[in-house]
Amino acid sequence: MRILPVLCALLLLMLQGVTGLFPGRASAQDCERRGGFCSHRSCPPGIGRIGLCSEQEFCCRMRWYP
């Protein structure tokens with residue numbers, strides 16, 4: 001019974017990470033909610049693309065290095 005909480009926590013962490021793997025169409029509000037900003041055509045150097053705001057705008061966010 002001790003392993004059950006650990007398995008639940010692991011499952012939740014895995015499911016939480018799945019949503020960030022696939023950049024999908026979103027609005028500017030969704031991009032800002034994820035901590036990003038919309039950029040026309042491409043993201044600036046050093047900034048990672050995390051999704052789309054529209055057909056010609058990408059949702060960009062600072063990359064975090066440990």
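Among contacts (heavy atoms within 4.5 Å) between residues at least 6 apart in sequence, 27% join residues at least 24 apart in the protein chain. The model is predicted, with local features needing pLDDT of at least 70 and side-chain atom pairs counting only at pLDDT 80 or more, while totals for chains, interfaces and linings use all residues. Residues are numbered from 1 along each chain as its sequence is written, and side-chain values use heavy atoms, leaving out hydrogens and water.

Along the sequence, the pattern reads α-α-β-β-β, with two helices and three strands taken as DSSP runs numbered from the N terminus (helices H or I, at least four residues; strands E, at least two). Of the 66 residues, 18% are buried, that is, under 20% relative accessible area, with exposed meaning over 50% and partly exposed in between (1.4 Å probe, protein chains only). The chain exposes about 5700 Å², of which carbon and sulfur atoms supply 64%; areas follow the Shrake-Rupley method with a 1.4 Å probe, and for residues only the protein chains shown count as cover.

Leu 10 sits in helix 1 (residues 3–18) and counts as partly exposed because its relative accessibility is 46%.

One salt bridge is found in the whole structure, the term requiring a side-chain nitrogen of Lys or Arg within 4 Å of a carboxyl oxygen of Asp or Glu. It links the side chains of Arg 33 and Asp 30 (2.7 Å, N to O), which both lie in helix 2 (residues 28–33), three residues apart, about one turn of the helix. Arg 33 is exposed, at 64% relative accessibility, and Asp 30 is partly exposed, at 27%.
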